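This report walks through selected features of one protein chain. Please keep the sequence and the structure in view while reading.

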Amino acid sequence: MLPFNEVLRALRAIHAKILLEPDRVRILEHIATTAMTIFRADACRIHRYDAQTGAFQREASVGLGAEWKHLPRRDGTGARALKTGSHVWVDDPVRLNPVVRKAGITRSGVFPLHPKGARPVGVLYLHYREHPGFSEEERDLVYHFAYHAGLAIQLAELRESDRRHIQDLEALREAVFSVAEAATLRGALLRVADRAMRVLHADAAILYPWDENERTLDRELVVGAGLDMDRFRIAPPRPNGLTHTLMRAGTLVVENLAHLTPEQAHLVANLRSHIMEPNGLCAFIGVALQVAKRSVGVLYVFFRAPHTPSLEELNTIRIFGEMAATRIELAKLSEAQRKAATAEAIATLSAAAAQFAHKMANVAGTVPMIIDDIVHKLRAIGVEDDGILARLDHLREDTLGLMEMADQLRLRDIGKPEPVDLGQVVEKAVKAAHVRSLNPDLQVHNAVPPGTTQVLAAEVLLVDIIVNLLHNAAQAGARRIELSASLRPEDEMADLHVRDDGSGIAPEDQEKVFMPLYSTKERAESDPHGIGLWASRYQIERMGGEITLESTPGVGTCFTISLPVPG
């Protein structure tokens, strides 16, 4: 006889464990172990069932007492037990799954983990190598154990749901304030996409900012997280397309691309073909970002598996959308103020630029003659030190570069862009940087050949900006720097990537490095006052471009300079 009191004590222990154990799989394992012990089974399995998808969940299934683990069939005994709410015994070994028979099992009892007529929770399997000889009353006792175990699992789910919702709200609060701390608009948008993905446990996110003045998406500021942004093109919104529909509706949910109505399929065709399918995404939630009913943009979070959001999840993303929209507006105002303040500061500096350029040209013009005189005298007395001669050659080249820059400052607007050969600019910058003198082991790989890419820029300033990036990489301990270029024809832009394997930049410093007077370098290093990147960004923006960075501490950094191409 099965001991009733032992079953009762086991159920009490299961409910007590749920109050302390946060891991749902370990709860299932505990229930399976308990059932196998008190019902003297040779093996036990529990398979969780998702009523929304109508399928058993592999990640929430446990098997104990045997070397096999497989999911029940949709039309098998487990599915029938769920549908009827009654337990089923399989006494004929021929009817058992071949994997089960291979383990020597001859008898199986299948019990639904829920009361009859209630929401299905899962199935409990007890497997025996010999007939257990249970009476009907004992089988009913096993059924009631499964019934109460199902209630315990439901309780665990409620606790998990509450805990996850609280975690989501905490993540939401942190996300909103981290967006407010971003130093640039693009940085704020990237943080919105990244935090939305984390808050909603999604696989990817993408954000399209809306330009209220132009009544269109600002394609140059589209950002994404968790996916390859180079694998799709950004199409302008259609009047009755997904973007406008989403901004009217507020929220849009597509649970599975495989189950769309013709109207939905047409609506999401562009998103599906250019973003979701190339990145292996199956479902998404879209939310309109609005401030006082004025559109700021649209945000999508994507999932690789079919996804049916709960009411709490939808409420979370709506709240996130509202709060993120206000922070994006603040970021826009902050960026506008930053650019205005930078322009004023540069205007003040520019007032002295001509005088400075004149003096610099006068001084620099005499240096090459002095260097030639020194080299001549050294050789006249028999000094042939290759190191000294090489450094004098570098000094001559640097002086010629200063003279060219002085000429640029004196003769024309330093921010006026002109067509230049990006490959030739990179060659000049690599040559002028002399990074081997900073780090003899540093290798520079230039994959930007001359004659392949033209951009609109002020050449001498672009050379100086690239030299600054190369020096930064060398001072960060890089052993390899790679320069490469890519075109974005749809945006009429070209990107120059300067990638290194140096120490990287901490996440909290990545937005600050573009701020004036901020530096992570020691005072003894070049540019200890934090002017280089701030000035570089200002000059690149005056050329109609943008500079961004991606960095992982201990792995390296990639700066991307984006510039327009000639029309």
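## Helix α2

The expected span of a helix is 1.5 Å times one less than its number of residues. The model discussed here is predicted. Helix α2 covers residues 24-38, and its 15 residues should therefore span 21 Å, which agrees with the 21 Å between its end C-alpha atoms.

Which residues in α2 are buried? They are Ile27, Leu28, Ile31, Ala32, Thr34, Ala35, Met36 and Ile38. Just after this helix, Arg40 has a positive phi of about 50°.

## The chain as a whole

The chain contains 16 helices and 18 strands. It has 567 residues, and 47% of them count as buried. Among contacts in the chain with a separation of 6 or more, 65% come from residues 24 or more positions apart.

Helix α15 runs over residues 459-475. From the first C-alpha to the last, its 17 residues reach 24 Å, close to the expected 24 Å. Because 13 of the 17 residues of α15 are buried, the helix is largely enclosed by the rest of the structure.

Leu470 belongs to α15. Is this residue buried or exposed? The cut-off for buried is under 20% relative accessible area, and Leu470 has 1% relative accessibility, so it counts as buried. Leaving aside neighbours within four places in sequence, Leu470 is in contact with Ala429, Val430, Ala433 and Val435, and also with Ile481, Leu483 and Val498. Val435 is 35 residues away from Leu470 along the chain, yet the C-alpha atoms of the two are separated by 7.1 Å.

## Aromatic rings

How many aromatic pairs does a search of the whole structure find? The search finds nine. In the pair Tyr128 and Phe134, the ring centres are 6.0 Å apart and the planes lie at 85°, so this pair is edge-to-face. The angle can be set against the cut-off, since planes over 60 degrees apart count as edge-to-face.

Both Tyr128 and Phe134 are buried. These two residues form one aromatic cluster together with Trp89 and Phe111. Elsewhere, the ring of Tyr125 has the charged end of Arg45 over it, 4.1 Å from the ring centre.

## Cysteines and Asn256

A search of the whole structure finds zero disulfides.

Cys282 is one of the residues touched by Asn256, with Ala283 and Pro306 as the others when residues up to four places away in sequence are not counted. Where does Asn256 lie? It is in the loop between β9 (251-254) and α8 (262-267). Asn256 is buried because its relative accessible area is 14%. Its side chain reaches the backbone nitrogen of Ala258 at 3.0 Å.

Conventions:
Residues are numbered from 1 along each chain as its sequence is written. This is a predicted model: local features need pLDDT of at least 70, side-chain atom pairs count only at pLDDT 80 or more; totals for chains, interfaces and linings use all residues. Side-chain values use heavy atoms; hydrogens and water are left out. Helices (H or I, at least four residues) and strands (E, at least two) are DSSP runs, numbered from the N terminus. Buried means under 20% relative accessible area, exposed over 50%, partly exposed in between (1.4 Å probe, protein chains only). Contact means heavy atoms within 4.5 Å. Rings of Phe, Tyr and Trp (its six-membered ring) pair if their centres lie within 6.5 Å; planes under 30 degrees apart count as stacked, over 60 as edge-to-face and the rest as tilted. A charge sits over a ring if NZ of Lys or CZ of Arg is within 6 Å of the ring centre and within 35 degrees of the ring normal. A disulfide is a pair of cysteine sulfur atoms within 2.5 Å. A polar contact is a pair of N or O atoms within 3.5 Å; within protein, one must be able to donate a hydrogen and the other to accept it, and residues adjacent in sequence count only if both atoms are side-chain atoms.
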